[in-house]
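Welcome! Here is a short briefing to read alongside the structure. Take a look at the view below, and then follow the notes topic by topic.

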Amino acid sequence: KDRLSGKIVLITGASSGIGRSTAFEFAATSPDDLRLVLAARRVEKLSEISNEITKKFGGVKVHTVQLDVSKPDEVKQFVGNLPSEFQNIDILVNNAGLALGTAQAPNIPETDINGMWNTNVTGLINMTQAILSIFKKRPEGGAGDIINIGSIAGREGYPGGSIYCASKAAVRSFSEALRKELISTRIRVIVIDPGQVETEFSVVRLGDKSKADAVYAGVEPLTPEDIAEIIVFAAGRRQNVVLADTMIFPSHQASATFVHRKS
Ligand code: NDP
Ligand code: 8X3
């Protein structure tokens, strides 16, 4: 049985990488009557993804929205501005996130600190609060899935990553407290902590493709599809099954900093 049938799924940061792949994976898993809300700042990328998905999976409806999760006013207006057939969201994938630079204290630019924190932490919290008001209206105290994309960086700080690592540790801590706050409901709080995944992440962080390629030299990173499969698997479990916490590494990696490289 397709447990995702008829669901409305909202993915933030759906224009690239893990978010984009997650949109395709949900559509492929439930191609008959799924509704997808895809949000990101680069709305033209979302339109391309929407066209590809609707061409490939005829029964899937897609709504794209330009949204910067780091802007609290945009997040506040988000739900009210959705077309009514997309408003009753069942699954929120809080995926929008980024690392900016590798500067070390005391030389971390304030714009980088705020960019990471306002997106990865405050943005994720604001999105969660906005969508929880929908989830809470359902029977049994509420129902729905909040799937937060953390990182193994949230479990181990490393030099040059202090703000990014702290932001992902905050995602972890917020999620743990939230799961307890929602204990009397059917709302599932699911945390997925990927290791190295080759996406636009390192290009955004380092600002240049050749520097990003060096991050993956001699290693075989995960693909965004690998993480998308796990996100959709978690969402597709029986309602009483909460895949609360997951670390996903490629085989050459055992922590954020412990990586084997082929010479
Ligand atoms: P990408 O850079 O490929 O994708 C990031 C996505 O987030 C883009 O769609 C981007 O869209 C969106 N985004 C960034 N800032 C904002 C914002 N302010 N508002 C809305 N959307 C935003 O990287 P990944 O797919 O790798 O990253 C996805 C998540 O996975 C992030 O949370 C990241 O921290 C996490 N992660 C990544 C790992 C990796 O090795 N790649 C490992 C562990 C975790 P746009 O620019 O159009 O707004
Ligand atoms: C991204 C993984 O190890 O580059 O979250 O911080 S890492």
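The expected span of a helix is 1.5 Å times one less than its number of residues. Helices (H or I, at least four residues) and strands (E, at least two) are DSSP runs, numbered from the N terminus. This is a predicted model, in which local features need pLDDT of at least 70, side-chain atom pairs count only at pLDDT 80 or more, and totals for chains, interfaces and linings use all residues. Residues are numbered from 1 along each chain as its sequence is written, while chains are lettered from A and ligands numbered from 1 in the order in which they are written.

**Helix α5**

**How α4 and α5 pack**
- Helix α4 (residues 110–135) and helix α5 (residues 162–181) pack at an angle of about 10 degrees, and their axes are 9 Å apart (axes are lines fitted to C-alpha atoms over the stretch in contact, and angles run from 0 to 180 degrees between N-to-C directions).
- That makes α4 roughly parallel to α5, a term for angles under 35 degrees.
- On the α4 side, the meeting residues include Asp112, Trp117 and Leu124, and on the α5 side they include Tyr164, Lys168 and Phe174.
- This contact has 11 nonpolar, 2 polar and 2 charged residues (Ala, Val, Leu, Ile, Met, Phe, Trp, Tyr, Cys and Pro count as nonpolar, Asp, Glu, Lys and Arg as charged, and the others, Gly among them, as polar).

**Helix α8**
- The 12 residues of α8 (residues 224–235) reach 17 Å from first C-alpha to last, close to the 16 Å expected.
- Buried residues in α8 include Pro224, Ile227 and Val232.
- The buried residues of α8 pack against α1 (17–29), β4 (91–94), β5 (143–149), β6 (186–194) and β7 (245–248).

**The two ligands**
- Ligand 1 is surrounded by 32 residues, the closest being Gly13, Gly17, Arg41, Arg42 and Gly97 (a residue counts if its C-beta atom, placed from the backbone, lies within 6 Å).
- Helix α1 gives the largest share of that shell, 3 residues.
- The shell around ligand 1 divides into 13 nonpolar, 14 polar and 5 charged residues.
- Around ligand 2 sit Ser151, Ile152, Ala153, Gly161, Gln196 and Ala256, a shell of 3 nonpolar, 3 polar and no charged residues.

Definitions and conventions: Angles under 35 degrees count as roughly parallel, over 145 as roughly antiparallel, 65 to 115 as roughly perpendicular and the rest as oblique. Two residues are in contact if their C-beta atoms, placed from the backbone, lie within 7 Å. A residue is buried if 20 or more other C-beta atoms lie within 10 Å of its own, exposed if 12 or fewer, and partly exposed in between; C-beta atoms are placed from the backbone.
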